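This briefing looks at aromatic rings and at the charges placed over them. The sequence and structure come first, followed by notes grouped by topic.

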Amino acid sequence: SKVKDMSAEVVDSNPYSRLMALQRMGIVQNYERIREFSVAIVGIGGVGSVAAEMLTRCGLGRLLLYDYDKVELANMNRLFFRPEQVGMTKTDAAVQTLSDINPDVVLESYTLNITTVQGFETFMSSLKNKTFCPSKEGSGVDLVLSCVDNYEARMVVNQACNELNQTWMESGVSEDAVSGHIQLLIPGETACFACAPPLVVASGVDERTLKREGVCAASLPTTMGVVAGLLVQNTLKFLLKFGHVSPYLGYSSLKDFFPTMAMKPNPHCSNAACLERQKDYILAKPARDAVA
Ligand code: ATP
Ligand code: ZN
């Protein structure tokens, strides 16, 4: 019987057939559509790098990676980066590893700070570039994942996505490393990052607080791995249209508590582009009703 098991292994050695089984089992309608999708990941740190690896192994079409930082030995308490990559930019090191894992994914490395004028311009134009899938409506990417660790960068992703009417997902891990969250942001339809002040989740831990200067944040590869997994699971559900896409999902590891909620946009949001998107969303209501 050992021999039989071995031959079964050989038949199923194509990793893609395991993914296509999602289709045979009726979970996903057309898994191969994954090859048409582009996802942008901002922040290739503890969460972003793991999310990038998961999407690469799932056979995503194209990944755009943004980070200004270099790999340091201090990053080895997280997943993904290896000691021999110390000194490389995180985006280049990520492209090196990811292209080895799956050479079919189109990988774009952007070593830049999205909060600078120049960085923001490059960020915006890269999101608009439609050469990978010219027939696509809207911008050139299907989803933006925010995996940064500070408030300012999140506000910049929020600004870009509101201007481009681009759906995105935000993620975060708390400073004490024991809780985290993911959030879906659809301009005009759900609260944007500026609509609500950094919110204190039911767990009582505010994960979105500014990184405090001079305070050494704790870090666990476990929490970051869980948050990356929740983020990419929500991404797959969003792109391949299966299951329920969570508008907000928290993770509090001390009590294994997973709070969920949904937030409507704030009609008095301070972000002008958000108010524009809210207007568009209300104007498009008759069309949505007709479809439903
Ligand atoms: P530490 O918590 O020790 O500072 P880290 O900076 O790697 O580690 P992570 O939470 O693991 O933090 O990852 C967040 C990532 O987001 C980092 O790689 C960081 O360089 C990146 N990042 C933060 N702000 C920006 C920005 N404005 N533009 C581009 N990348 C950013
Ligand atoms: Zn808003």
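A residue is called buried under 20% relative accessible area, exposed over 50% and partly exposed in between, using a 1.4 Å probe and protein chains only. The model is predicted: local features need pLDDT of at least 70, side-chain atom pairs count only at pLDDT 80 or more, and totals for chains, interfaces and linings use all residues. Side-chain values use heavy atoms, without hydrogens and water.

**Burial**
- Tyr66 is buried, because its relative accessibility is 1%.
- Phe123, at 0% relative accessibility, is also buried.
- Tyr110 has 17% relative accessibility and therefore counts as buried.

**Ring pairs**
- Rings of Phe, Tyr and Trp (its six-membered ring) pair if their centres lie within 6.5 Å; planes under 30 degrees apart are stacked, over 60 edge-to-face, and the rest tilted.
- Six aromatic pairs are counted by this rule.
- Tyr66 and Tyr110 are stacked, because their ring centres lie 4.9 Å apart and their planes meet at 10 degrees.
- This pair joins strand 2 (residues 62-66), which holds Tyr66, to strand 3 (residues 106-110), which holds Tyr110, across 44 residues.
- Tyr66 and Phe123 have ring centres 5.0 Å apart and planes at 80 degrees, so they are edge-to-face.
- Here Tyr66 in strand 2 is linked to Phe123 in helix 5 (residues 117-128), 57 residues apart.
- Tyr66, Tyr110 and Phe123 form a cluster through ring pairs.
- Helices (H or I, at least four residues) and strands (E, at least two) are DSSP runs numbered from the N terminus.

**Charges over rings**
- A charge sits over a ring if NZ of Lys or CZ of Arg is within 6 Å of the ring centre and within 35 degrees of the ring normal.
- Arg35 has its charged end over the ring of Tyr16, 4.9 Å from the centre.
- Arg288 lies over the face of Tyr281, 3.6 Å from the ring centre.

Technical notes
Residues are numbered from 1 along each chain as its sequence is written. Chains are lettered from A and ligands numbered from 1 in the order in which they are written.
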